[in-house]
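Q: Hi! Could you walk me through this structure when you have a minute?
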Amino acid sequence: MTLASPEKVVLGSIAFGLFWILAVFPAVPFLPIGRTAGSLLGGMLMIIFRVITPSQAYAAIDLSVLGLLFGTMVVSIYLERANAFKYLGILFSWKSRGAKDLLCRICIFTAVTSALFTNDTCCVLLTEFILKVARENNIPAHPLLLALASSANVGSSATPIGNPQNLIIAIQSGISFGDFILGILPAMLVGIVVNALILLGMYWKILYMKKDEETALEEVKCPDDAASHQFSPVHMSHRPSFEDNNPTSEFRSSPNQVSLYATAGEGNIRRSPCGGGDVESGRNLSGCSREGAAVDSFARKLEEKIALEGEHGLQEMANCIENGIPIEPAEKKETLIKKWRRKSWKACLYLVTLGMVVALLMGLNMSWTVLTAALVLMVLDFKDAGPCLDKVSYSLLVFFCGMFITVDGFNRTGIPSTLWTIMEPHARIDHAGGIAVLAIVILILSNVASNVPTVLLLGGRVAASAAAISPSQEKRAWLILAWVSTVAGNLSLLGSAANLIVCEQARRAKPVGFTLSFWTHLKFGFPSTLIVTAIGLLLIRS
């Protein structure tokens, strides 16, 4: 494609330059409108400057990508609502042997979850949790945060639904879900290991703790606190729980430690677990043992029984205690029904998600498969889907619309084609030197213009160049583009949205935030990106 008229080249470059500035620096002083508004502004300027027509702008928006992105977000929201990440604390701390072991677990688990639920979602859900674990165990936070961000990027490269640029590549290339995984999975697995080794090598000394020799994380105070952590992009809370199916057995086993007195006529109950306490005041007793918690549970059941059934209920409960029969609350039947419904819903949710993955592996249309799974979950939930749909990042979808229009307009100026014509003879993937040149171009553009615009600008051109060699090389070119553009996000803090999410979530974390600086990230990201990218290129299969 030749260069367009000088007016279109200049005006199109201005529109694209403004889009790029706002995409990379969304809070610039002269126009702090953010990425989403910046992408719309860039697209609108392309139309106002007559670089493209309104009909061409509509045609530039890829509805398949938007549908796939929307469906993925909805499925992730329902999985989060079902506490799919509830047992993260157990996975991270169970029989862990210190900070280095914890870092390796973060790398592995993050890679897997980011491949299935996108890297951005993974970072949103895990950042505050990892900060909490680091704080509780007196571990420096920045190695763990770097492990989270870098592993999320590397892990997301393995599947078409791992990140937005992979979605675009999978749809534009026509590569099936299964072929995509088989082509990149070996590189991803080795890349995660190498990335973890680099982290360990760089932070070995500061990750060393005295407790490393003593199975540190098994001896932390209140280990159930991390295990019961509830995740939310905005607010995170702890819900310590005491599980006891029959508190009366604990009550009977320690009569000297706990006393219960009931006066049926007045309906007042006084209990003194752990040597003190006052039920009438409504205060929770701190520092109590498991037996104290069991007695509290027993007393609550006793209060409910008296309130609902009066003196007859109290006498019935006394008979149950005397005969060793478990006490059943009045609402037991209703509670069991709710519990059964909740478990059934979770089972259906996991089955639908598994079915979605199987359908993708079978090669069905990715966008409609994910949208169907999202719709099935809405129907099975049997509630107003509004609250869940409100959590969808519509600003991201709008950003993509504006970006599609802006990039298409910039392509029509002829500048990308002219630059590629100069680079193409040196970036052919039929020899090692050409692969190296292509990888360097992708690395630089991904950190300058972001990875998604890089894929939109280079995708078709790289594929056409490789197709001239052989069809198998065309597929390999797409996979190389997916691998390098994704791992390139680890180079600097601005390289990917996942990095910015980790940085911002950590800064706003409560009670004490943590600042991950640009230079701290670059010190690790630069060598890690070059090494992991180079090793992965050797393992990409077509």
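Here is the chat that followed.

A: Happy to! This is a predicted model, in which local features need pLDDT of at least 70 and side-chain atom pairs count only at pLDDT 80 or more, while totals for chains, interfaces and linings use all residues. Residues are numbered from 1 along each chain as its sequence is written, and side-chain values use heavy atoms, with hydrogens and water left out.

Q: Thanks! How many helices and strands are in the chain?
A: The chain has 23 helices and four strands. These are DSSP runs numbered from the N terminus (helices: H or I, at least four residues; strands: E, at least two).

Q: And what share of the residues counts as buried?
A: Of the 542 residues, 50% are buried. Buried means under 20% relative accessible area, exposed means over 50%, and partly exposed is in between (1.4 Å probe, protein chains only).

Q: How many aromatic pairs are there?
A: The count is seven. Rings of Phe, Tyr and Trp (its six-membered ring) pair if their centres lie within 6.5 Å; planes under 30 degrees apart are stacked, over 60 edge-to-face, and the rest tilted. One of the pairs is Phe16 with Phe19, which is tilted, at 5.9 Å centre to centre and 45 degrees between the planes.

Q: Where do Phe16 and Phe19 sit relative to each other in helix H1?
A: They are about one helical turn apart, because three residues separate them in helix H1 (residues 6-24). Both Phe16 and Phe19 are buried. Ring pairs also link Phe16 and Phe19 into a cluster with Phe399, Phe400, Phe404 and Phe410.

Q: Switching topic: what lies over the face of Trp204?
A: That's Lys100, at 4.6 Å from the ring centre. A charge sits over a ring if NZ of Lys or CZ of Arg is within 6 Å of the ring centre and within 35 degrees of the ring normal.

Q: What about Asp101, which helix is that in?
A: Asp101 belongs to helix H6 (residues 99-117). Asp101 is partly exposed, with a relative accessible area of 24%. Its C-alpha atom is separated by 9.8 Å from that of Leu200, 99 residues apart along the chain.

Q: Last one: is Leu354 buried or exposed?
A: Leu354 is exposed, with a relative accessible area of 52%. Leu354 lies in helix H14, which covers residues 332-361.
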